[in-house]
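Here is a short briefing on one protein chain. Please keep the model open while you read.

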Amino acid sequence: MQDALYAAVVLSMVVVVIVRLDRARVDPRAGTWATLVAGWVLTGCTLGGLVLVASPLPARVPLVAALGDWRPDSIGFESPIPLAASALAMLLLAWSGWRTVNELRVLLADRRELDGTHRAIRRANHASVVVLDEEVPNAYALAGTIRHRGRIVMTAGLLGLLDDEERAAALAHERAHLRHHHALFEIAGRLMVACNPLLITLNRDLGFLLERWADEESTLETSTPVVASALSKAALATSPTARQRLARCALGWASRGDVTTRVRALLDHDGRRRRRAIWALGFVAVLTAAALAWAMHDTERFFEAARLWTR
Ligand SMILES: [Zn+2]
């Protein structure tokens, strides 16, 4: 019964390592999808494993036992899981639920703030690209909401720093974030980590992959050397303190996702390893789901035995 939980915990670590090692080499679009799918499968299996480990505890409650048609004390004799382990699993499930509700509240507050920003911009003008009179070079995408379409914000500092082609590259990058709804991928990643804190580093790597995805899209509208040059210029012109502050911007341009690694990944033309991590993540996801299915079968047999023991 507890095997699915062990498998999910160990394989979560495997996924974290695979994504960290290959995030700069993998195809960013496929890598983003594979990371999210594998992450959510692992999250589901971890929570499912916790439910299985916790299950003997509520099964001792007389009402649940009457519904399941077994005697409460038969669970105590037959269960392979110690009472303390079941209680711990219940506590972990409650903690995960609390974290998820909390993250949902933060996400709703973020959405309200985003709506407020869109309203303020719309009052000033209706442009889809807004220029802020700020010295620090930066650009970011303001995701669309139900009432407002997405917008791109650029600072005067960035426009002054880049030439025409490089400005087009920065714009293409932000447009790619909006076109492919990267804000929704971020939300899915945040909720995943709230449910399953074992995957906490995946959020940062997901941010990196989304930046790489937008970088590669922008090379299609300009060219790789132009995108690399624009990114390098903006990163060099931004102090580390300002970069830290800018990293909190939604889908910020040259402030997120380790710019040096992004530039190196853009210039790396070795395409051989671009699919390796995807296959590895898919394999891990299937393995974890199989472990959960096996553990569910085990649990079913345990409760069946409890019913027979009662008769
Ligand atoms: Zn970006």
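By class, the lining of the largest cavity holds seven nonpolar, two polar and two charged residues. Nonpolar here means Ala, Val, Leu, Ile, Met, Phe, Trp, Tyr, Cys or Pro; charged means Asp, Glu, Lys or Arg; the others, Gly among them, are polar. This is a predicted model: local features need pLDDT of at least 70, side-chain atom pairs count only at pLDDT 80 or more, and totals for chains, interfaces and linings use all residues. Residues are numbered from 1 along each chain as its sequence is written, and side-chain values use heavy atoms, with hydrogens and water left out.

**Cavity**

- The structure holds one cavity of 30 Å³ or more.
- A cavity is a set of points, on a 1 Å grid over the protein atoms alone, where a 1.4 Å probe fits but cannot get out; lining residues have an atom within 4 Å of a point.
- The volume of the largest cavity is about 50 Å³. A volume is the space filled by probe spheres set on the points, with grid points joined across faces, edges and corners.
- Its lining consists of I18, V19, D22, R23, V26, G31, T35, L209, A277, I278 and L281.
- Helix 1 (3-22), helix 2 (28-54) and helix 13 (276-310) each supply at least two of the lining residues.

**Overall build**

- The chain has 13 helices and three strands. Helices (H or I, at least four residues) and strands (E, at least two) are DSSP runs, numbered from the N terminus.
- The C-alpha trace spans about 80 × 50 × 30 Å along its principal axes.
- Of the 311 residues in the chain, 46% are buried. Buried means under 20% relative accessible area, exposed means over 50%, and partly exposed is in between (1.4 Å probe, protein chains only).
- Take the contacts in the chain with a separation of 6 or more: residues 24 or more positions apart account for 78% of them. Contact means heavy atoms within 4.5 Å.

- H173 in helix 7 (residues 164-179) and E211 in helix 9 (residues 200-221) link distant parts of the chain, 38 residues apart.
- Both H173 and E211 are buried.

**Strands**

- Strand 1 (residues 129-132) runs parallel to strand 3 (residues 151-155), joined by four bridges. Two strands pair if DSSP finds at least two bridges between them.
- V130 stands opposite V153 in strand 3.
- Strand 2 (residues 139-142) pairs with strand 3 in the antiparallel sense, over four bridges.
- Y140 has V153 as its bridge partner in strand 3, and L142 has R151.
- Five of the five residues of strand 3 are buried.
- R151, V153 and T155 cover one side of strand 3 and I152 and M154 the other; all are buried.
- From strand 2, A139 and A141 point one way, and Y140 and L142 the other way; all are buried.

**Residues to inspect**

- S86 lies in helix 5 (residues 83-124). S86 is buried, with a relative accessible area of 1%.
- S86 touches V53, A54, P56, L57 and I81, leaving out residues up to four places away in sequence.
- I81 sits in the loop between helix 4 (72-78) and helix 5. I81 counts as buried, at 5% relative accessibility.
- I81 and G116 are 35 residues apart in sequence and 51 Å apart in space, C-alpha to C-alpha.
- F302 belongs to helix 13. F302 is buried, with a relative accessible area of 8%.
- F302 and P80 are 222 residues apart in sequence, yet 8.9 Å apart in space, C-alpha to C-alpha.
- H181 is found in the loop between helix 7 and helix 8 (182-195). H181 is exposed, with a relative accessible area of 51%.
- H181 has a positive phi of about 55 degrees, although it is not a glycine.

Terms used. On a 1 Å grid over the protein atoms alone, a cavity is a set of points where a 1.4 Å probe fits but cannot get out, and a pocket is an open set with protein on both sides within 12 Å along at least five of seven lines; lining residues have an atom within 4 Å of a point.
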